[in-house]
Amino acid sequence: MKLFRGRYRLRDSALGLLFIAPSMAVFILFAFVPFVRIIGWGTYESRQGGQWYKSVGFSQYWDVLSGHEFREGLWHSFQFLLYTVPAGLVSGVLLALAADRKLRGIKIYQTALSSTIATAGAVAATVFFVLINPVVGIFKVDWLNDSHMAMFGVSLPAIWQNLGLSFVIVLAGLQAIPEEIVEASRLDGYGPVRRLFRITLPMISPVLMFLAVILMTSGIQAFAEVDLLTQGGPNEGTETLLYKVFKSNTPVSIGTGSVMAVGLFVVTAIVVLLQFVILERRVHYD
Amino acid sequence: MTDESAEPVESDAPVLVGDTRPSSTGPSPSSRLSHRIGWHILLSVLSLAVLAPLFLVLVNALSNPVRYGQASATRRLLPVDVQWDVFSRAFDEQNGAMAKAFLVSAIVTALIVVAQLVTSALAAYAYAFIEFPFKRLAFAVSIATLLLPMEVTVLANVRTIRDLGWVNSYQSLVLPFAAAGFGIFLLRQGFSGIPRDLHEAARLDGFGHLHFLVRIALPLTRPVVAAFVLVSTLLAWSSYLWPRMVITDPQRRTLPILLKDLSLTTAERSNVFAAAGLIAFIPVVILLIVFQRHIVRGLTAGAVK
C-alpha cells in the first residue's frame with residue numbers, strides 16, 4: 001500500500017509517527033499549547049481584583065510593553081547581563097589561556113577551574129548569601145539591601161557560576177586552533193601579545209560569540225539568585241523580567257503577566273536566533 | 001541545523017582532559033624549569049581563587065555563627081569555634097527535611113533523565129532512519145521548543161497542573177520535562193553518522209527498529225548519549241523555577257527549594273544553611289569529577305565544529 005505518490009510506505013509512516021509521538025505530546029502539552037494560551041490571556045484585562053476578565057484585544061499588549069513595569073524588568077535583566085556576560089567572556093579567556101598548555105598535573109587544574117559548571121543556581125546563591133551578609137558573612141557588606149548595589153549582588157553568584165562553563169568553552173576553542181597556525185605565527189616573529197590579538201582571539205571569535213549567546217540566555221533566565229537573595233527587593237530594585245512574570249501568577253495580574261511572558265519570549269528568541277545565525281555563518285565561511 | 005550537518009558518530013568534540021595535538025618540535029619555552037614553576041604557581045592561584053567561595057562557605061558552616069559574626073575580618077577566613085556536627089544538624093533540620101529533599105531530587109532527576117532519553121532516542125531514530133510524512137516539519141517543530149523554555153510558558157503550565165489536580169505531585173515535576181529538543185537534536189546528529197548500509201543490512205538480517213535502536217544505534221553513539229544524559233542530569237538537578245511554582249508541600253520539596261526555605265532562617269542558625277548548600281553541591285561535584293569529559297562534550301556541543 002502506498003501513500004503520497006509512493007514516497008512513503010504505510011508501515012514506515014505509522015512507525016515514524018509512533019516514535020515521535022511521545023516527545024510531540026510533551027511539546028504540545030507543555031510548550032505550544034501553553035504558549036498559545038498566554039498569548040490569549042494577554043488580551044484579557046482583569047476587573048474587580050481578578051474576579052472577572054474583559055477582552056480588550058491587543059491594547060493590553062501596548063499598555064504593558066510600553067509601561068513602567070516592563071521597562072523596569074527589562075532594565076534589571078539587562079543590568080544582570082551587563083554584569084555577567086562581559087565578566088564571563090573575559091574570565092573564560094584568561095582562565096583558558098592559562099590552562100591551555102602541556103604541564104604535569106594540568107588535568108587537576110582544569111578540573112578545579114571547571115568545577116563551578118556543576119553548581120545549581122540555588123547553590124551558587126546560597127554560597128553568596130553566606131559570603132556577603134552584613135551579620136554572619138565573611139564579607140560584611142549589605143549590598144543586597146542597597147538599591148545601587150543589589151543588582152550587582154544578585155549577579156555575583158552567576159558570575160562565579162559561569163566561570164566553569166566559560167572556561168571549558170573557550171578552552172575547547174583554543175584546543176581546536178590548528179597547531180600549524182600557531183607555529184607559523186611564531187616563525188614569523190609574532191610575540192605572545194601580538195599572537196593573542198592577531199591570531200588567537202580572531203580564531204576563537206566564533207566560540208566567543210557562542211559563549212556570549214549562552215551567557216545571555218542563562219542571564220535572561222536567571223531566577224534562583226533573585227528569588228533566594230532579594231525576592232526582587234529592595235523596592236522591586238532586583239525584579240528582573242522573569243521575576244515579574246513569576247510574581248504575576250495571581251488572578252489580578254495574570255493578564256499583564258502573560259504579556260510580559262510574551263515579551264520575555266521575544267527577548268529570548270532574539271538571542272537564540274542570533275545563535276543560529278552565528279552558527280549558520282560559521283558553517284558557510286569555514 | 002540542516003541535514004548536511006551530520007557528524008561522525010565518534011564526534012570529536014573538544015577533549016578537555018589530555019591535549020591530543022602533536023607537540024611542537026624543538027625546546028618550547030614551557031619546558032624550561034622556571035617557566036614551568038611559574039605556570040604551576042599561576043594555575044594554583046587561579047584554581048584556589050575559583051574554589052575560594054566554597055572554602056569560605058565551609059569555614060562559615062563549621063563556625064559558631066554568633067562568635068563568627070563577632071570575629072575580625074581576617075579571623076573570619078578560618079573557622080571560629082569549630083562545630084563539626086553542623087552537617088548532621090543540617091540533616092536533622094526541619095525533621096529530616098534534607099534527606100527527604102535529597103530523595104525527592106534524586107527521584108525526580110532520575111525520572112526526567114530516563115524519560116528524556118527514551119523520548120529523545122525514539123524521536124531521533126525516526127528522524128534519522130525512517131521515512132514518514134511531515135518529517136522535516138516535525139523535526140523543526142521539536143527544535144523550535146528551544147525558543148519556548150519553561151521560563152516563557154510557566155504561567156500557563158501552572159494552570160495546566162492545577163486543572164489536572166497535580167500540584168505537589170511527582171508527575172507535575174517530571175512530565176513537563178519528559179522531552180527535550182536539544183536531546184533530539186544531539187541524538188539525531190549522532191545517529192545520522194551511522195552508515196545507512198549498516199542500518200539496511202541489520203534490517204535485512206531481521207533486526208526490528210527497536211532492536212537496532214537499543215542494540216546498535218545507542219551503543220554506537222555512546223559518547224553523545226553520555227553527554228546528553230549528564231547535561232540533562234545537571235539541568236534537572238538544579239531546576240528551580242518550576243518546582244518553586246508547583247510545590248507547596250514541604251514533603252515534596254526538591255533540594256533547591258529546601259535551600260530557599262532554609263535561607264529564611266535566623267542568623268544564629270545560618271551555619272546550618274551554609275552546610276545544607278554544601279551538601280546539595282556534593283553529588284554534582286562527584287558527577288563532574290567522574291564524567292568531566294562527557295559533561296564538557298555535552299556543554300560545548302556546537303561551540304567547536
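This note reviews two interfaces in a predicted model: that of chain A with chain B, and that of domain 1 with domain 2 in chain B.

1. Extent of the chain interface. Contact involves 101 residues of chain A and 103 residues of chain B. The two chains bury about 9,200 Å² between them, with carbon and sulfur atoms accounting for 73% of that area. On the chain A side, the most area is lost to chain B by Phe19(A), Phe30(A) and Ile138(A), which together make up 8% of what that side buries.

2. Two salt bridges are found across the interface of chain A and chain B. In a salt bridge between Asp227(A) and Arg244(B), the closest N and O atoms are 2.4 Å apart. Helix α1 (residues 10-41) of chain A gives the most to the side that touches chain B, with 21 residues. That side of chain A comprises 67 nonpolar, 21 polar and 13 charged residues.

3. Domains of chain B. Domain 1 covers 30-84 and domain 2 covers 97-300. Their C-alpha centres lie 34 Å apart. Nine residues from domain 1 and eight residues from domain 2 take part in the contact.

4. The domain interface. About 630 Å² is buried between the domains of chain B, 74% of it from carbon and sulfur atoms. Leu54(B), Ala61(B) and Pro65(B) lose the most area on the domain 1 side, together 60% of what that side buries. Zero salt bridges are found across this interface, and two residue pairs are in polar contact (both at pLDDT 80 or more).

Note on methods
Residues numbered from 1 in each chain as written. Chains lettered and ligands numbered in written order. Predicted model: local features only at pLDDT ≥ 70, side-chain atom pairs only at ≥ 80, totals over all residues. Heavy atoms only, no water. Contact = heavy atoms within 4.5 Å. Buried area = accessible area lost by both parts, 1.4 Å probe. Salt bridge = Lys/Arg side-chain N within 4 Å of Asp/Glu carboxyl O. Helix = DSSP H or I, 4+ residues; strand = E, 2+ residues; numbered from the N terminus. Nonpolar A, V, L, I, M, F, W, Y, C, P; charged D, E, K, R; others polar. Domains from an automatic or database assignment. Polar contact = N/O pair within 3.5 Å; in protein donor to acceptor, adjacent residues only side chain to side chain.
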